[in-house]
Amino acid sequence: MGEEVKRAAYNHAHRQEYRRKVQLCLDVFETMLAQSSFEFDRPLTGMEIECNLVDDNYQPAMSNQHVLAAIGDPAYQTELGAYNIEFNVPPRSLPGRTVIELEADVRASLNDAESKANADNAHIVTIGILPTLMPEHLRGGWMSDSTRYQALNDSIFRARGEDLQIDIGGAEPLSLNSGTIAPESACTSMQLHLQVSPADFADNWNAAQVLAGPQLALGANSPYFFGHQLWAETRIELFTQSTDTRPDELKTQGVRPRVWFGERWITSIFDLFEENVRYFPSLLPEVSEEDPVAELAAGRTPQLSELRLHNGTVYRWNRPVYDVVDGRPHLRVENRVLPAGPTVVDMLANSAFYYGMLRTLSEEDRPVWTKMNFSAAHTNFRKAARYGLDAQLYWPGLGEVTTDELVLRQLLPMADEGLQAWGVAAEVRDRFLGVIEGRAKTGRNGATWQVATVQALQAGGMTRPAALAEMLHRYCDHMHANEPVHTWETPE
């Protein structure tokens, strides 16, 4: 959920002091990068899974405070919506059989959390957008009890000066106004972290940007919002629009959105933090007491609280992270591209594909991003969000190709090579990359299964709301069975 803040409203003096501190933190961060005092000897991976809560009728359950109290595990935290929780998976390294062990651990933890949530008549669902969520669910009592979330909501609308306008195309276009950021709470994702050295950060971030399109086409799992069939991964456009601080006039002037793919390849992590400070006004100008210059001069590791807080309100799909653990600073690439779900095995297959591809792409002698325009990577990302596995994607040397052809011919061998370089065992590579291969060959991911199932149920006489609830019921049964989504059957 990000760090809590002390106040929900800020004045001019707060903003001035915060701006000064953010710039000071940026200067100190630049000095730290030059000194190379970062922890990266044992690269770690991490994962966060955002989940939805539903009742016995598969409708949103606004009960995360009760559910979290019942779970009683600090690995589970609140998210923006009262029907959301987040599971923070402890970091670990990749080599050997780690990912298979991780699968067992994640399943056990989620199963235990599910059992405890059941006592509150709630169920945990990992899905990109809860398909049974409707406008009436977000009219009151939808927000988690958090000063940070209320302050964020108020700051976004203060910057906009008007209601949000959500306009999303697709098979059944949707247009609506919102006086809060409630639509953002519909977007639940899986975030993947990789700890890297300062010298390797740019190559890994650039590689992650290249990979975002294929990654999203394979993993799309959010075709419905407010009962409308929209994009294969509607979450991408919904999140972009529901946190937009720009009225139409600023969009026309080319002011950058806070949910941002970026606009160029980088040469250093500093490029991204510097862009954040240069382009984006503060949303949560919370000022700490730390003097980062004095901390660094005294040989201690500065927290750089203002810089980190500001970074947390610029929603890049691949975000740079500076963090301090046990007094040692480190850097991470945070991949925020993928939706949650459908199953633990699907999510870990997505992560294995990502980490394998990242290793191969980031270590090529002539990196792929030197052979394609940044705009091509962004176009791939937008196409993948809209069309999923049906997207035609650009790849250097191949031109425009279908997603299945790109994955099967080009990317899966590269992912396998990368996982071998990480020291991942052959049985692990076969299990999880086999899931990715199955999706590419069958043309079935979470989004295609959801749409096919709802259409079949409606053809059998169900109304759309009833079909969405029944589809979600079946989805949850498959989710608990941990069967890869490409093996799921649809109604005749």
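Author: A cavity here is a set of grid points where a 1.4 Å probe fits but cannot get out, and a volume is the space filled by probe spheres set on the points. Please note that this is a predicted model.

Reader: How many cavities of 30 Å³ or more does a search of the whole structure find?

Author: The search returns 2 cavities.

Reader: Which residues lie closest to the centre of the second largest cavity?

Author: They are T45, M47, L94, L102 and Y355, out of 16 lining residues. β1, β3, α3 and α11 each give two or more residues to this lining, with β3 giving the most, 4 residues. By class, the lining has 10 nonpolar, 5 polar and 1 charged residues.

Reader: And which elements each supply at least two residues of the lining of the largest cavity?

Author: Those are α3, α11 and α16. The largest share, 4 residues, comes from α3. The lining divides into 6 nonpolar, 5 polar and 2 charged residues.

Reader: Changing topic: at what angle do α13 and α14 pack?

Author: Helix α13 (residues 403–422) and helix α14 (residues 426–442) pack at about 170 degrees, with their axes 10 Å apart. Because angles over 145 degrees count as roughly antiparallel, α13 is roughly antiparallel to α14.

Reader: Which residues meet there?

Author: Among them, L408, L412 and L419 are on the α13 side, while L433 and I436 are on the α14 side. The contact residues divide into 8 nonpolar, 1 polar and 5 charged.

Note on methods:
Residues numbered from 1 in each chain as written. Predicted model: local features only at pLDDT ≥ 70, side-chain atom pairs only at ≥ 80, totals over all residues. Heavy atoms only, no water. Axes fitted to C-alpha atoms, helices over the stretch in contact; angles between N-to-C directions. Parallel < 35°, antiparallel > 145°, perpendicular 65-115°, else oblique. Contact = heavy atoms within 4.5 Å. Nonpolar A, V, L, I, M, F, W, Y, C, P; charged D, E, K, R; others polar. 1 Å grid on protein atoms, 1.4 Å probe; cavity = no way out; pocket = protein on both sides within 12 Å on 5 of 7 lines; lining within 4 Å.
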